[in-house]
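Trainee: I've got a protein open on my screen and a few things I'd like to ask. Can we go through it together?

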Amino acid sequence: MELDVELKEPPTVVTRRGRVGVRRAAALLLALAALGGGCVQPSTAYAAARAPGDARPRSGRCPTDLGRIACVDLTRQLMWVQDGGRPVFGPVRVRTGRAGYVTRTGRWHIYLRDRDRRSRRYDVAMPYSQFFSGGEAFHGLDGESMDSPPGSHGCVNMNTWDARTLWGILSVGDPVQVFGRKPGT
């Protein structure tokens with residue numbers, strides 16, 4: 001059986017513990033689809049493992065002279081981590097604050113991490129929370145698309161897999177740069 005799929009190399013995530021096997025996972029999904037496993041369409045195997053094609057990090061608003069820094073682009077709803085000008089994670093799709101709860105822009109620092117956080121105020125699970133500005137945090141969000149409106153209450157939501165990977169990269173004290181403006185806010 002022959003697959004008519006254009007394979008593009010997915011990004012490789014680098015953590016302190018080494019490379020995460022995004023490439024191998026996507027190849028396995030493609031192999032299962034080719035065997036009729038029915039779990040994924042070949043054309044979407046890599047799409048699940050990467051951000052959109054035009055989502056290359058733009059370090060213009062994220063400083064390259066601070067070493068490792070988490071960057072959040074509100075305009076494009078993307079986040080990544082770079083070390084100098086070299087991306088080490090992402091970019092990944094995120095969902096930020098809705099109208100009335102906009103995610104604050106500026107330079108912040110990770111000040112608190114909680115792997116199993118639950119918001120008492122909004123009664124929602126916040127796995128792999130890393131707080132950087134008041135009550136705003138990076139955290140996982142299960143069961144919702146990052147494209148689903150209206151948005152968060154100010155946090156930077158991402159799928160739980162990405163939040164877990166980010167947990168292994170960032171530490172307390174690491175800088176976070178938030179810039180841009182979310183459309184509609």
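Trainee: Which residues does Pro127 touch, not counting residues up to four places away in sequence?
Mentor: First, a heads-up: this is a predicted model, where local features need pLDDT of at least 70, side-chain atom pairs count only at pLDDT 80 or more, and totals for chains, interfaces and linings use all residues. Residues are numbered from 1 along each chain as its sequence is written, and side-chain values use heavy atoms, with hydrogens and water left out. Contact here means heavy atoms within 4.5 Å. With that rule, and skipping residues up to four places away in sequence, Pro127 touches Arg115, Arg117, His139, Gly140, Thr160 and Ala163.

Trainee: Is Pro127 buried or exposed?
Mentor: Pro127 sits in strand 8, residues 124-133 (helices, H or I, at least four residues, and strands, E, at least two, are DSSP runs numbered from the N terminus). Buried means under 20% relative accessible area, exposed over 50%, and partly exposed in between, using a 1.4 Å probe and protein chains only. Pro127 has 16% relative accessibility, so it counts as buried.

Trainee: How many residues of helix 3 are buried?
Mentor: Helix 3 covers residues 160-167 and is mostly covered. The buried ones are Thr160, Asp162, Ala163, Thr165, Leu166 and Trp167.

Trainee: Which cysteines form a disulfide?
Mentor: A disulfide is a covalent bond between the sulfur atoms of two cysteines. Here it's called when a pair of cysteine sulfur atoms lies within 2.5 Å. The structure holds one disulfide. Its sulfur atoms are 1.9 Å apart, and they belong to Cys62 and Cys71.

Trainee: And what is the handedness of the disulfide of Cys62 and Cys71?
Mentor: Both ends are tucked away: Cys62 counts as buried at 1% relative accessibility, and Cys71 does too at 0%. For the handedness, look at the torsion about the S-S bond. That torsion is about -85 degrees, so the disulfide is left-handed.
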